[in-house]
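Hello,

Here is the structure I promised to pass on. Please have a look when you get a moment; my notes come after it.

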Amino acid sequence: LALLKLFGKYGAAEAEFAAGRPAKVKEITDPIVDAILKGEYAGALKQNPDLRWGLMGLALRINIQEGNTGRALKIYEAAKQFAKADAGEKGGTKVILIQIAMMVKDQAREARKKKDNDALGKYGDFLKALKDGEKDPKPEFLRVMAEAYAALGTPAAHDTAVELARQVPEPKEDDAKDMNKTSNYHFCRILIVRQLREGGKEKEAAAELDELLKTAWGKEHPEVTKETIHLMSPGKAYTAWSKLVTQLGQRLQQGGAREKEQYFECYYYMTESMFRYAKALKDDKKKEDYTRRAAGLITKLEGAWPDLGGDESKARFTELLDRESALKEQYDKLKADK
C-alpha cells in the first residue's frame, strides 16, 4: 500500500513538473524526500531504486532551479548513499553520477532553448558546489563532471570542462588493460578538443587534436575523426560529413542503437555545415539557395524518419531551427509546399 501511494505521488509530481508548476512539485516531493532522508519507506523502496531516484531526482531539479544548493547537495549525498547500498561503493557512485550528468544535460538543453541564463547559472552553481565538495576526485568523477559542465554550453563552463578533463591521468602500464580506465581517459582527451573548439579556441583545439592523431588509438577513434571534420571549413566539412553519412547509412538497417545514433548525429552535422556554408556566402541569391538546400536535408530526413531519429536527434534539429531564423523560414516553406 505504501508503495502504491508513492507511485501515485511520483506520477502526480511528474505531471506537475511537465506542466511547469515547480511549487506543486515541491509540495508533493518535499515531505516524501524528508521521510526518505529519515529512513522511512526503506522497505518499500529497496526493491524500487528507480522510483526512489525518480522522486529524489525531481526534488533535486526543483531545488537547483530555486537556487537552494544546500538542500540539493543533501539530496544528492543521500541518493549516492542509497545507490552505494544497492550496487556497492564503486557501482553505486557511478550510477548516481551518470544520473546527475543526464539530468543536467537535459535541463541545460531546455534552458538553452529558452535562453534562460538564470537557470544555466543555477545548474552551474550546483555543479561548482558538487565539484568543490569532492576532496579526492577520482577519474570517473572528473569525467562525469566535465561532461556535465560541457552541457551548460557557456564560455566559463567550456573552460571548466577542459580543466577537469585535463586532470584525468593516462592509465599506467598496469592499468592499461582496464578498458573502463582507458576509455575514460580517451573520452576526456577528446572532450578537451571538443570543449576548446566549442569555446572558440580553435587553434588550441587543433593543437590538441594533432597530439591525439599521433597516438595509435586516436588515429582509429571515430570521435577523433569527427573532431577533425569539425575543424574544417564549412564546405570541406559538408563533403566529409556526407561521406560519413553515406557509409553509416549503408550499415543502418543491420546496425544497432550506436550505429543509428552515429548516423543521425553525422546527418545533423552535415546539415549544419551546409547552412554554415550558406551563411558565409556574399551573393544573396546563392545564400538563399544553399539555405534552402540545408532545409531540404531536414525535410528529407523527416520524410524517412518522422521523429528525426529520436528525441536527442530531434532536439538538435529543433534547437538549430529555433536559433537560425533564415533556415527556419526555408524549412517552413518546404513543409508548406508538401
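First, the ground rules. This is a predicted model, so local features need pLDDT of at least 70 and side-chain atom pairs count only at pLDDT 80 or more, while totals for chains, interfaces and linings use all residues. Residues are numbered from 1 along each chain as its sequence is written, and side-chain values use heavy atoms, with hydrogens and water left out.

Helix α8 (residues 155–166) has 12 residues and reaches 17 Å from its first C-alpha to its last. That is close to the 16 Å expected at 1.5 Å a residue, the expected span being 1.5 Å times one less than the number of residues. Its buried residues (under 20% relative accessible area, 1.4 Å probe, protein chains only) are A157, H158, T160, A161, V162, L164 and A165. They pack against α6 (117–133), α7 (139–152) and α9 (179–198).

The axes of α12 (222–230) and α14 (257–280), as lines fitted to C-alpha atoms over the stretch in contact, come within 12 Å and cross at roughly 5°. The two helices are therefore roughly parallel, a label for angles under 35 degrees on a scale from 0 to 180 degrees between N-to-C directions. E223, K226 and H230 in α12 meet R258, Q262, E265, C266 and Y269 in α14.

Now the single residues. A83 is found in α5 and is buried, with a relative accessible area of 8%. A83 and P49 are 34 residues apart in sequence, yet 7.9 Å apart in space, C-alpha to C-alpha. E324 is in the loop between α16 (311–323) and α17 (325–337). At 16% relative accessibility, E324 counts as buried too, and E324 touches F275 and K279, not counting residues up to four places away in sequence.

Best wishes

Terms used. Helices (H or I, at least four residues) and strands (E, at least two) are DSSP runs, numbered from the N terminus. Buried means under 20% relative accessible area, exposed over 50%, partly exposed in between (1.4 Å probe, protein chains only). Contact means heavy atoms within 4.5 Å. Angles under 35 degrees count as roughly parallel, over 145 as roughly antiparallel, 65 to 115 as roughly perpendicular and the rest as oblique.
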